[in-house]
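Please consult the sequence and coordinates alongside the text.

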Amino acid sequence: MNDSLNELAERSGVHAVFVCDQDGRLLTSALSEERYQGTLEQLSNIIARTNTALKTFKHGGLTEVEWVFASGRVLIRGLGNGLLFLICDRTLNLQLLTMKIEEVQGEVQSVLGAIKRKPTSEDLARLKQAMIGIAQEMLGEHAEKVIAIIKGSGDSLTSLEQACDQAEKITRLFIDRKNAGDMGARMRALLEAYR
Amino acid sequence: MQIVNYGLAGLAILVMAFNTVMTFRLRSKLIGGEVGARWNVLSLLALLFLIAFILSPLLLILSVPVDYLLLAVFAVFFLGAVFVGLVVRIVGDILQVMDLLER
């Protein structure tokens, strides 16, 4: 999932691509511009809450939102149990990106859409990769030990949950006590989708 | 007796110098986190002890009054207690992680 997000974020004119769950928790992100780093969580939260409120109109789930600004554009795609965000240049030809966006959308949806079903080995592999992506994003070059823990975890949801606890604890004690909680919460939010 | 005191002060300086160097070497291997923060305090205390130990022979040379000597002794006791507390917390943290990794 993260590879696809990164591929999309690396396209010229794309500044940030990120995914949040239905409660607005930021699950994963790919940024080509660091200036968005601090606001993603806030934006995810507000839009998810708005989406939840709008669901009371009984028009079904959100499928697509497009905001056009003086110099930029924000695209939001509904994922059933989450939202996909894309921040890009206003002048970007979206038609050229449509296929890639749909591909990412499908991939993310398959991770998020697995609610209430037993995760397959492919789901678990994707989850592991997403957890590694979160660790890399939050700890940067110091993510090595956490990645080793995630990679070394068994192929079950319980093992991944244990790995998540271990990763958070080790991060708090040895790497970054401020980000440990956020990292753990984001990893747990991913796993939550399969409970 | 005086020679024994100087000898002990010299030994204390040597051992503490070695400990301080080791403390700072290990510090470079720690990235951060709670253990990193505790280790920073521990490193500063080690440095403080080393400086105090180096200056300690002056207490004998200058024949510092007993009141000040006692103050120095109890300050060392207090900082020593803080030092031991930090070591215990760090060992506790490490044992916690080892326990977590064994699960």
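In this predicted model, 12 residues of chain B are in contact with 12 residues of chain A, contact requiring C-beta atoms, placed from the backbone, within 7 Å. On the side of chain B that touches chain A, helix H2 (33–61) and helix H3 (66–102) each supply at least two residues; helices are DSSP runs (H or I, at least four residues) numbered from the N terminus. That side comprises 6 nonpolar, 3 polar and 3 charged residues, where Ala, Val, Leu, Ile, Met, Phe, Trp, Tyr, Cys and Pro count as nonpolar, Asp, Glu, Lys and Arg as charged, and the others, Gly among them, as polar.

Residues are numbered from 1 along each chain as its sequence is written, and chains are lettered from A, with ligands numbered from 1, in the order in which they are written. Local features need pLDDT of at least 70 and side-chain atom pairs count only at pLDDT 80 or more, whereas totals for chains, interfaces and linings use all residues.

H6(A) and H2(B) pack at about 20 degrees with axes 2 Å apart, which makes H6(A) roughly parallel to H2(B) (angles under 35 degrees). A:Thr171, A:Arg172, A:Leu173, A:Phe174 and A:Ile175 meet B:Gly33, B:Glu34, B:Val35 and B:Gly36 there.

Definitions and conventions. Contact = placed C-beta atoms within 7 Å. Axes fitted to C-alpha atoms, helices over the stretch in contact; angles between N-to-C directions. Parallel < 35°, antiparallel > 145°, perpendicular 65-115°, else oblique.
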